[in-house]
Amino acid sequence: MENEGINLILWLDKSRRIRKFEVSGHAGYAEYGLDIVCAAVSALSISAVNGLDYFLPVKPEVEVIDPRGFLSCALPDLEPQTLEQAQWILHTMVLGVEAIQQNYGEKYLKITRRRWTPC
């Protein structure tokens, strides 16, 4: 079976703020343990989760399924100013992932943007 690469899905609200992100898959750029694309995306996404967890007054909802290469992070309901501050962290992650995608291509990393609607 051919590797499908890493998928980053961003859920954006009507103001283009990131409300949730999900990273899944493996890049397949190199063998396990030597894959710099996987390592870079993992470092950026985990750093974003750690930053949100540290700086937000309410913890994000995080789900990790390690063997599958899956990380999901959803922001809780936040005050408008806090939501804007969370965007600094999230958009920094996206800038880094976009740079990786530009350097290594969509074969290894795909970014999808979806519309977020509150439940």
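Predicted model: local features only at pLDDT ≥ 70, side-chain atom pairs only at ≥ 80, totals over all residues.
On one side of the pairing, β2 is joined to strand β1, which spans residues 6–12, in the antiparallel sense and over six bridges. Within this pair, Asn7 is found opposite Ser24 of β2. The two strands form a hairpin with five residues between them, and in this hairpin Arg16 adopts a positive phi near 65 degrees. β2 also pairs with strand β4, residues 70–74, again in the antiparallel sense, here over five bridges, and Glu22 stands opposite Ser72 of β4.

What does Asp35 touch, once its neighbours within four places in sequence are left aside? The contacts of Asp35 are then with Ala27, Gly28, Tyr29 and Ala30. For Ala30 there is a further detail, in that its backbone nitrogen lies 3.4 Å from a polar atom of the Asp35 side chain.

Asp35 is buried and yet has no salt bridge. The nearest side chain of opposite charge is that of Lys107, at 11 Å, whereas a salt bridge requires a side-chain nitrogen of Lys or Arg within 4 Å of a carboxyl oxygen.

Technical notes:
Residues numbered from 1 in each chain as written. Heavy atoms only, no water. Buried < 20%, exposed > 50% of the residue type's maximum accessible area, 1.4 Å probe, protein only. Lys, Arg positive; Asp, Glu negative; His and termini not counted. Polar contact = N/O pair within 3.5 Å; in protein donor to acceptor, adjacent residues only side chain to side chain. Contact = heavy atoms within 4.5 Å. Pairing = 2+ DSSP bridges. Helix = DSSP H or I, 4+ residues; strand = E, 2+ residues; numbered from the N terminus.
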